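Subject: Structure handover

Hello,

Here is the structure for you to take over. My notes on what was found in it follow below.

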Amino acid sequence: MTGTGRAPVRSLAALGWRSEFADQILGSERDCVPARVFGVGARSVTVVFADGEAELPLGGRWFQGDALVRPTVGDWVLLSPDRGTVLRVLARHGLLARRAAGRNHELQPIAANVDVMFLVSSCNEEFNPARIERYLALALEARVQPVLVLTKADAAPDPGAYARAAGALLRDLPVLLVDARDPASLDGVRAWCRPGTTVALLGSSGVGKSTLVNSLAGAELQSTGPIRAADAKGRHTTTRRSLHVLPDGGLLVDNPGMRELMLGDSDAGLRAVFADIETLAGACRFVDCRHLAEPGCAVQAAIAAGALDPERLARYRKLGAGPA
Ligand SMILES: Nc1nc2c(ncn2[C@@H]2O[C@H](COP(=O)(O)OP(=O)(O)OP(=O)(O)O)[C@@H](O)[C@H]2O)c(=O)[nH]1
Ligand SMILES: [Mg+2]
Ligand SMILES: [Zn+2]
């Protein structure tokens, strides 16, 4: 966070405060100060509260547990009455977390108290149904509303084809085609950024997450960078997660582009994404049908009828959501 341009006094509701957080404050904590985490450093957090903001160090005790116990972007925390120390993290809703690529595959928080996920993907080679399904599973597991924002519609010969392919990945998935650089194309996006609503932008590097933040904010809050011409890959311009308040009241979490999304425990999320296959499977003749070549297989019948893409069944199997 840059610390520029933020009004010193704002209502907590404008920062996303709700009764579910107020209800967690104990009588003995009456003098503590609720604050929202806008940025996280290696050993510090940037917090915004009703009458100011501060960068506060995180003491050693925060590093004794795993990464999920530490304050993360979007968290609500209680500060000491002098606003100098983070005392505790309030219980979260909408926690997006992924499995780390490193040795121990620890769960890493992405953002907390998220209401809506803008899954940002582009109308070019970057578009990848398997990747989108993983992000959708992440959102649904966390009970976060996913919205697919398809950028670079301006540069694609047939953007509608991407929207149609995306629409087949989750029933009722909102899909928006945009030019992220053009605020006039963002009415559909803006409709999700209501006052007090927290929206996290996720996706690969170079898809236009920071460009969207800037266009929605009407200001250059975030640096953006060109993609490689050869393969449309981004250059990892954004390196830190950060929360931003829009002039219209929405709250946006910009994230660094992800190379790979490794899911944590997402069984419920995967089942929700592949609800079409799960429903079909319920109509198979055998309860242990593996949907290969069994007689009376409703899944294979749907494929034969052109109602289900065989590649989607293959992806469902690969993610471990289906029977072995
Ligand atoms: N033509 C076109 N270019 C876009 C669009 N959205 C983003 N760009 C361009 O794509 C490049 C990457 O945009 P960024 O906003 O930096 O992408 P990002 O997702 O934030 O990337 P990381 O920070 O690396 O994760 C920039 O050159 C943008 O101008 C779009 O909708 N249309
Ligand atoms: Mg960026
Ligand atoms: Zn079957």
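Where they touch, domain 2 puts in 5 residues and domain 3 puts in 4 residues. On the domain 2 side of that contact there are 3 nonpolar residues, 2 charged residues and no polar ones. Please keep in mind that this is a predicted model.

**Overall shape**

The protein has 9 helices and 13 strands. Along the principal axes, its C-alpha atoms fill a box of roughly 70 × 45 × 35 Å. The radius of gyration is 21 Å, which agrees with the value near 20 Å that a compact globule of 324 residues would have. Of those 324 residues, 40% count as buried. Among contacts with a separation of 6 or more, 64% are between residues 24 or more positions apart.

**Nonpolar core**

The largest nonpolar core has 81 residues, and Leu96, Met117, Leu119 and Val149 touch the most other members. Helix α2 (residues 129-141) supplies the largest share of this core, with 7 residues. Nonpolar side chains tend to be buried together in soluble globular proteins. Beyond its neighbours within four places in sequence, Leu119 is in contact with Ile132, Tyr135 and Leu136, with the run Pro146, Val147, Leu148 and Val149, and with Leu202 and Gly203.

**Ligand 1**

Which residues are closest to ligand 1? They are Gly208, Ser210, Thr224, Thr238 and Gly257, out of 25 residues that surround the ligand. By class, this shell divides into 13 polar, 7 nonpolar and 5 charged residues. Helix α5 (residues 209-217) gives the most to the shell, with 3 residues.

**Arg43**

Arg43 sits in the loop between β1 (33-40) and β2 (44-49). Is Arg43 buried or exposed? Arg43 counts as exposed because 11 other C-beta atoms lie within 10 Å, and the limit for exposed is 12 or fewer. Leaving aside neighbours within four places in sequence, the contacts of Arg43 are with Pro57 and Leu58.

Regards

Conventions
Residues numbered from 1 in each chain as written. Chains lettered and ligands numbered in written order. Predicted model: local features only at pLDDT ≥ 70, side-chain atom pairs only at ≥ 80, totals over all residues. Helix = DSSP H or I, 4+ residues; strand = E, 2+ residues; numbered from the N terminus. Buried ≥ 20, exposed ≤ 12 C-beta atoms within 10 Å, placed from the backbone. Contact = placed C-beta atoms within 7 Å. Near = placed C-beta within 6 Å. Nonpolar A, V, L, I, M, F, W, Y, C, P; charged D, E, K, R; others polar. Core = buried A, V, L, I, M, F, W, Y, C linked by C-beta atoms within 7 Å. Rg over C-alpha atoms; globule rule 2.2 N^0.38 Å.
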